[in-house]
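Welcome, and thanks for taking a look at this one with us.

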Amino acid sequence: MIEPPAIMVDTRTALYTVIIATVLLLVLSPKKTPTHRPPTVKQYPIVGSFFRYIGWLAKMHMPYYLLELHKDMGPIVVADMFGRDFVIVADPTAAKRILSSSTEFKRDDYLLKNSMDLFEYPLFGMATGETWKAHRKLIQTGMGPQFVRKAFTVTLEVMEHLCRIFDEKIQNSSADEITVDIREYLSYSTLDIIMATSFSIKMDSLANFVKAEESKTVVNKLGSLRSNIDQLSGLLVYRLMVPPILHWFIGAAPSQVANVKMYFKELVDSFVNPRKEGITQEEGDLLDILLTKDEEGNYKLTDSELRDETLSILLAGHETTANALTNVFLALCFNPQVLSRLLDEIDAHLPTITSELLFDDVSKFKYLDKVFRETMRHYPVVFAVDRMAQTDVELMGYKFEKGTIFTVHFNGIHQSKEFWGDDVAEFNPDRFDREGNHDANWFPFSAGLHICPGMKMAIMESKVILIKSLKQFSFELIPGQDFKHVHGVAMRLRNGLKLKVSKRKDGHLYISLF
Ligand code: HEM
């Protein structure tokens, strides 16, 4: 018969042996070799996975397609689109690494490759390299604290104008309310703001839009700036997706786009040349910085570089902000309790319509800051950006060859329960009060080398527009609209956002759902 104490000693020894062996195994075992390929969307010869995404593409719902892929296959997925493989990444640590490296990953100019005849040097599309670096330095210098202060003053002026327009229209209406597509008004307002802030040019596109709307005609050439910008961004997207041989059939051949090209050349010449020739004075604005000369007295940017950078600012800096603001209105419409708290804050800091708003006051609107941040998390206007591997790389446990394209999927990160909690689908500005480094998971302005240089201006401009409009007017959602976002240069509501606007009647604004 076996003595019980002896059994106990043996069991303990065996247990210790197992623990030590496990620890040794973990410490000494070779590093797990990364597997070759992450989960991959099933592809067929020639067509790849075209039939899986064609439905989404046709509805312009590619952002929703990418979210579905993550839901089915995890945070890193290989998907083919238009005959190319993209590694779609929805992990904040991997995203930071991709966006911050100047050796392992770079932006390629694939967005521009088919559109070099239209423009070649816009900062937002240029490959990471020496030309980009020189342009970025100039633009960053020009978008310093003075730029943001100037944007504040300009935004107040434009908002005074916009509020006057709404006031007059409401007074002239029989029902004391008007129906507007708020995105249209925001789009023209942000266009005027960016032109005046960056180049000290008064475009009056908002006024021209209103005149054109009333008379149903385009009032003058300047009024068509927006439509030319729309055409240019559309051409960029179409030319990216359609091979050059087919450009003629979609109206995008060089001869067919000559008018758009000429329009922008004339427009930019009209304000750059007088400044160059000393006919108009220096304004201390971004244009002055873009017109900086080197030690030999030559302009740092060539004529075409200057024209393209001017256009780049217009393209990058106006629809983005207009769509972000439209999304705030959308979010407020669906979340009346958030709106109510926001109005309390606005009323606390600005007791009357005539109360003055100073630059330093904007930072006091803490709840507004959270509402804006939550809107940008919920609906990131730029939902993804691409980078190309410059060497063989290892990422998230997988190996990739040089030349692999990575899509950093901001929307995927922003919609991930892992990083934002189980209530990720809810619109909750208070989530930014919770413990944790929210900035590490928040990418609406990208990160790293190409982080949006206009971010501070965009945030300040948006806050002023919201404070001023919400203080004076009530907004009511028109039912039956399509609230799904479509892709393009920016993620946007397909048909804008129709709202009823009336004067705010008491201390509270009402944005009601239906
Ligand atoms: C809510 C508004 C805005 C959003 C969401 C936004 C978003 C972005 C994002 C995500 C990028 C990075 C692209 C990349 O990583 O490849 C970017 C770049 C850029 N943005 Fe913005 N932006 C906004 C407003 C503005 C404004 C107001 C300006 C100009 C005043 C501006 C000028 C630029 C420029 C020039 C770049 C290119 C930077 C580079 O490649 O080095 N953006 N923006």
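This is a predicted model: local features need pLDDT of at least 70, side-chain atom pairs count only at pLDDT 80 or more; totals for chains, interfaces and linings use all residues.

**Cys452 and helix H19**
- Cys452 sits in the loop that runs between helix H18 (417-420) and helix H19 (455-472).
- Helix H19 is built from 18 residues and spans 26 Å from its first C-alpha to its last, close to the 26 Å expected at 1.5 Å a residue.
- Most of H19 is covered, with 16 of its 18 residues buried.

**Around the ligand**
- Arg387 places an N or O atom of its side chain 2.7 Å from an oxygen atom of the ligand.
- His450 does likewise, with a side-chain N or O atom 2.9 Å from an oxygen atom of the ligand.
- Ala316 uses its backbone instead: an N or O atom there lies 3.4 Å from a nitrogen atom of the ligand.

**Salt bridges**
- The model has 30 salt bridges by the rule applied here.
- Lys503 and Asp167 form one of them, with N and O 2.9 Å apart. Since Lys503 belongs to strand E12 (residues 498-503) and Asp167 to helix H7 (residues 145-172), this pair ties together parts that are 336 residues apart in sequence.
- Both partners are partly exposed: Lys503 has a relative accessibility of 30%, and Asp167 has 21%.
- Glu374 and Arg431 also meet in a salt bridge, at 3.0 Å from N to O. Glu374 is in helix H16 (residues 366-378) and Arg431 is in the loop between H18 and H19, so the bridge ties together parts that are 57 residues apart in sequence.
- Glu374 and Arg431 are both buried, and they belong to a salt-bridge network that also links Arg377, Asp423 and Arg434.
- Asp109 pairs with Lys113 in a salt bridge whose closest N and O atoms are 3.4 Å apart. Here Asp109 counts as buried at 18% relative accessibility, while Lys113 counts as partly exposed at 47%.

**Asp288 and its surroundings**
- Asp288 lies in helix H12 (residues 286-290) and counts as buried, at 15% relative accessibility.
- What does the side chain of Asp288 reach? The side chain comes to 2.6 Å from the backbone nitrogen of Gly284.
- Leaving aside residues up to four places away in sequence, Asp288 touches Arg275, Glu282 and Glu283.
- Ser502 is 214 residues from Asp288 along the chain, and their C-alpha atoms are separated by 41 Å.

Terms used: Residues are numbered from 1 along each chain as its sequence is written. Side-chain values use heavy atoms; hydrogens and water are left out. Helices (H or I, at least four residues) and strands (E, at least two) are DSSP runs, numbered from the N terminus. The expected span of a helix is 1.5 Å times one less than its number of residues. Buried means under 20% relative accessible area, exposed over 50%, partly exposed in between (1.4 Å probe, protein chains only). A salt bridge is a side-chain nitrogen of Lys or Arg within 4 Å of a carboxyl oxygen of Asp or Glu. Contact means heavy atoms within 4.5 Å. A polar contact is a pair of N or O atoms within 3.5 Å; within protein, one must be able to donate a hydrogen and the other to accept it, and residues adjacent in sequence count only if both atoms are side-chain atoms.
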